[in-house]
Amino acid sequence: MKVLLIEDNLELASSISEFLAREGYICEVSYNIRDAQDKLISFQYDCVLLDIMLPDGNGLQILSFMRQERIQSSILILSAKNSLDDKVAGLEEGADDYLTKPFHLPELHARLRAIYRRKKLNGSNMITFNEISLNIDTLEAHVNETLLDVTRKEFDLLLYFIVNKNRVLSRQSIAAHLWGDYTDNLANFDFVYQHVKNIRKKISAAKGTDYISTVYGLGYKFNTSKQ
Amino acid sequence: MKLVDKFTLWFLGVTLIIIPINSVITYQSIKREIDKAAIERLKHVNVRVAGQLEKGEVPGEYTQGCRIKVESMSGPTPEGQYAITERDVTHDPELRDNDRKITVASYHTINGKHYRITSGDYVSRSEQILAGLRTSIMWKLIILIGLVVLTARLASRIVLAPFYSTLKKLQRFSLKSKKKLVLPPTRVKEFKELNCFVGKMTDKAVDDYLSLKEFSENASHELQTPLAIIRSKLELLSESDIQGGQAALITDMQNAVDKLTRINRSLILLSRLENNEYETEQEVSLSRYAQEAVNAFGDLIALKSLRLECSIDPDVDVKLHASLADILLNNLISNAIRHNIPQGCIEVSLNRRCLVIKNTGRPPEGPTEDMFQRFKKGSQCNNSIGIGLSIVKQICEINSFQIRYHYASERHIVEVAFPQAGASSKLLQNDERYLHEKIQL
């Protein structure tokens, strides 16, 4: 998957591109609108990660530019200014999703995957990893053809793990993914623990491999090398 | 006491002092004028009598309309001199009442003979003048007080109109509206000064408020990118090969960044609420949102072994922005979960009138009035940043919901009452009337 990252902050851009590179994305970076427009005309990208506040203008300009030029890439807006207007305007102008800084990198990845799934693999709503398969539409999870009795949150969590396999997922990132940003709910870490525990139990009960492991004190990891 | 009453009282006080002084002066001058006129007339009479004498006529005692006495004098007379006497006649049987008599005596030399001519007349007595004065003063006072009282309010309404309009404008003035105060022009110097001062003051307040708000908004937004950098770097770091001790350090840092992020986001949300960025005319189905929120928290409720009692009426539509409906319900329900006790319960009830969320929990330790203030925590629960309820309150305020917290029968009860149909306009009217009452003229 080829991604164009339009972000003027060097440090953040390097973090994101490094992370995405590890996930196997081909990530190119533009630091301003002009450069981004050049790149968009010259190359084809599956997805554009777009910062709103750029040194030479508003990132929303890119959206209209892309529409004019009939560039079909998916767009994920990354903004420090989580103002509603920007969000609405962005989504109206054809952006696919909107993520507010500071975000968790696994969250960014999960969103990218979701956009990609929606755009490219329309029809196929199944995500499969070895014996685990998830149906995004029906929210059903199967392990070895056995239907798991999972709640919505547990399903989301399992999906988050599988999308970010072999990555350390911090409790903060999991909590933010499951409950959003605005709940003043740092105590959710206990709940994260509970959810992870339940999922592991349910997968094991269906005779699946317990891929999820605890990492030091950092969080959890969906470890594909486990047998 | 009203300004106009003060002025009226002052004016009446001054009038009450002036009127007696004035009447003494009036009395004196009237008396003097009467006497002068009488004396002039009598002098004239004396001269005429002298003329008669010169012609050889003998004047009758009452020929000139007043009593005349002519006496021959031996020896020289003080020619051209007058002797004026004045006396109160008290026992004249001819008169019903006592009276005042003025007599003028003059000396004349006619045909070598010396005469003293004396004429006298009755003039108005002091009591009569005083009686007249009394009546006129009384009428004067009655008319004065009546007119002053009647017209003072009207006059003050007209004269103080610029003042009242300034006052009204000030009362309606709100920093949050970000509008500068426009005051009507006036020609009265004091009001000009007042308006000038008030205008300068409010302009400065608005400017200060705006710059402060801009600063805090910018600060919050500018913090987002560095936070994103720290967070992403920590995430990358945690992917690298690290030891147990380092992991603990990273976790602590992640916790702190997380907390910072939440505080920052909440502050941004609050400032945007204050900016009325979430104004809406559309109604949302709060029933649906409540049901969704309850479902979303179902896991947490189950994990904490809480009992959930739910009575959500269908078709509760409230004028509220959809995002805010989410935030409001999420904050309230997550609070009810967090501050609960094991095996406790949560009751959520929603109807057209209000949303009530009750939960078991430890009784509040301190006063609960400042529960809704920022960074005030009921219990020292370290995991919360203490801004959730403040956001809830702000949401309620901008949508004119009434929020109330109390603790009863071992339950923490948060009640959000929605404005009833028609009540909102009535409230506005009341407000208007109240305003009017307060600055009534």
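**Exercise 1. Work out how helix 4 (residues 189-239) and helix 5 (residues 244-274) of chain B are arranged.**

Step 1: start with the axes. Those of helix 4 and helix 5 of chain B come within 9 Å and cross at roughly 155 degrees. Axes here are lines fitted to C-alpha atoms, for helices over the stretch in contact, and angles run from 0 to 180 degrees between N-to-C directions. Helices (H or I, at least four residues) and strands (E, at least two) are DSSP runs, numbered from the N terminus.

Before going on, note that this is a predicted model: local features need pLDDT of at least 70, side-chain atom pairs count only at pLDDT 80 or more, and totals for chains, interfaces and linings use all residues. Residues are numbered from 1 along each chain as its sequence is written, while chains are lettered from A and ligands numbered from 1 in the order in which they are written.

Step 2: name the arrangement. Helix 4 and helix 5 of chain B are therefore roughly antiparallel to each other. The cut-offs: under 35 degrees counts as roughly parallel, over 145 as roughly antiparallel, 65 to 115 as roughly perpendicular and the rest as oblique.

Step 3: find the hand. The crossing of helix 4 and helix 5 of chain B is left-handed; that means the near helix is turned anticlockwise from the far one by less than a right angle, and clockwise would be right-handed.

Step 4: sort the residues of this contact. They split into 11 nonpolar, 8 polar and 3 charged. Ala, Val, Leu, Ile, Met, Phe, Trp, Tyr, Cys and Pro count as nonpolar, Asp, Glu, Lys and Arg as charged, and the others, Gly among them, as polar.

**Exercise 2. Trace the open sheet of 4 strands in chain A.**

Step 1: read the order, which is 8-9-10-11, with antiparallel pairing. Two strands pair if DSSP finds at least two bridges between them.

Step 2: find the edges. They are strand 8 (126-129) and strand 11 (146-148) of chain A, each pairing on one side only.

Step 3: check one pair. Strand 9 (residues 132-135) and strand 10 (residues 140-143) of chain A are joined over 4 bridges, and A:Asn135 stands opposite A:Glu140 in strand 10 of chain A.

Step 4: A:Asn130, in the loop between strand 8 and strand 9 of chain A, has a positive phi of about 45 degrees although it is not a glycine.

**Exercise 3. Describe how chain A touches chain B.**

Step 1: the contact takes 36 residues from chain A and 42 residues from chain B.

Step 2: helix 1 of chain A gives the most to the chain A side, with 6 residues. By class, that side has 15 nonpolar, 13 polar and 8 charged residues.

Note on methods: Contact = placed C-beta atoms within 7 Å.
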